Amino acid sequence: MAKTGNGRNGADKPASGTFTGTPADRLVRYWRNSDRRFDELLDETLDAGRQAVLEAALDKLREEEQPEFLDEVETIAESVRRTDAQGDDMIATLFWLAVEVSGDLSQPPAAAAIEEALDSTGLLETAADTRLLPVWLEPEALVYLEAADRRTLLLRLLDSTDAALRFVREADLLADPADAGTRLVGVVGLIEEEADAVEAAGEDAVPDFLGLARIGEDGEPELDPAEETRIREALTRFTAAIQGADPRVQRCEPAGGLNDLLDLIAEADWTDDGELSELASFIDVASDETADAVVDAVVTSTAHGLFVRAFNADGRLLDERAFTLQGDEAAQAVALLQQRCRSVTKE
């Protein structure tokens with residue numbers, strides 16, 4: 001959902017005073033002062049693909065400010081305001097789907113069926129237009145999609161499907177169709193809504209679609225019980241429609257922004273309650289032992305399953321363990337490691 005105010009000090013303040021310095025300096029000062037010029041300068045920076053400016057701004061912030069700033073930048077990166085061909089003021093936002101699939105991915109997802117299911121189940125009641133990019137995306141690659149790249153993907157998707165397809169191929173974001181077994185992938189789409197309707201809903205309103213897969217969790221606004229029931233029933237119908245259109249799909253959930261998608265895919269219960277969950281916990285514990293949460297995994301196939309070693313970014317061994325995972329479960333384990341780790345080496 002498009003952001004309508006920065007709100008660190010309450011309301012969205014009008015611009016006041018003159019800030020000088022580099023673009024990174026001004027971004028930091030505008031952000032700290034909840035100055036409306038922050039959104040304008042950020043949009044210019046994102047549209048120009050100047051990720052280095054955003055990195056410089058992060059370096060200038062205090063450590064406790066950095067996560068909040070980055071979250072806001074990434075949220076704004078996935079939404080733009082524009083005037084459409086009819087002269088209407090619109091807000092276009094990326095949305096993502098987390099999909100558990102099994103089988104050959106050389107054929108694209110059933111984009112038309114997914115779009116129809118979104119419309120028919122009532123999950124996009126305020127949408128004026130919706131389109132889906134007909135490719136499977138690799139979560140491990142999406143983890144490294146910077147804010148400027150998210151804006152580029154959005155602008156390309158607004159331009160044309162072909163332009164967006166060229167971008168995801170050039171950025172090496174496509175899932176490998178040769179990987180076997182059940183795995184978790186992402187699909188990206190675009191929703192356009194009338195700006196007046198978005199702004200009337202307010203910054204704290206619960207959108208009809210974005211983030212619905214995570215209702216009821218800590219930090220999410222509470223829904224009226226009847227509305228929550230409506231949404232959950234719509235999600236059930238949505239998944240059933242996708243499974244009927246594409247038998248490879250085991251599960252499909254809308255996830256709002258890219259960060260929501262990555263959180264959804266990282267949940268261990270998507271795939272298995274046994275040793276796959278233990279493997280996920282093994283990596284989580286190893287990650288907690290690092291300063292930067294970066295883990296590199298080395299996987300060795302044995303007669304009894306997989307032997308996994310976890311290293312930090314400097315190559316220090318954090319932990320090692322054997323898992324009795326074979327066949328399809330071994331393939332799922334490697335896919336899980338690829339989602340959780342910076343790199344996975346198979347021996």
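Asp 319 sits in strand 8, which covers residues 317–323. In this predicted model, Asp 319 has a relative accessibility of 33%, so it counts as partly exposed. Asp 319 also belongs to a group: together with Asp 288, Glu 289 and Glu 320, it forms a patch of negative charge on the surface.

Let's move to helix 12, which spans residues 275–288 and holds Ser 287. Is Ser 287 buried or exposed? Its relative accessibility is 18%, and because buried means under 20%, Ser 287 counts as buried. Which residues does Ser 287 touch, leaving aside those up to four places away in sequence? The answer is Ala 293 and Val 295.

Ala 293 deserves a visit of its own. You can find Ala 293 in the loop between helix 12 and strand 6 (296–302). The phi of Ala 293 is near 65°, a positive value in a residue other than glycine. Here is some background for that: most residues other than glycine have a negative phi.

Asp 172 is another non-glycine residue with a positive phi, about 55° in this case. Look for Asp 172 in the loop that runs between helix 8 (161–170) and strand 4 (182–194).

How much of each residue is accessible? The table lists the values.

| Residue | Relative accessible area | Class |
|---|---|---|
| Asp 319 | 33% | partly exposed |
| Ser 287 | 18% | buried |
| Asp 172 | 60% | exposed |
| Ala 293 | 47% | partly exposed |

Methods
Residues are numbered from 1 along each chain as its sequence is written. This is a predicted model: local features need pLDDT of at least 70, side-chain atom pairs count only at pLDDT 80 or more; totals for chains, interfaces and linings use all residues. Side-chain values use heavy atoms; hydrogens and water are left out. Patches are made of residues with over 30% relative accessible area and no salt bridge: like charges are joined within 9 Å, nonpolar side chains (Val, Leu, Ile, Met, Phe, Trp, Tyr) within 5 Å. Accessible areas come from the Shrake-Rupley method with a 1.4 Å probe; for residues, only the protein chains shown count as cover. A salt bridge is a side-chain nitrogen of Lys or Arg within 4 Å of a carboxyl oxygen of Asp or Glu. Lys and Arg count as positive and Asp and Glu as negative; His and the chain ends are not counted. The place of a charge is taken as NZ of Lys, CZ of Arg, CG of Asp or CD of Glu. Helices (H or I, at least four residues) and strands (E, at least two) are DSSP runs, numbered from the N terminus. Buried means under 20% relative accessible area, exposed over 50%, partly exposed in between (1.4 Å probe, protein chains only). Contact means heavy atoms within 4.5 Å.
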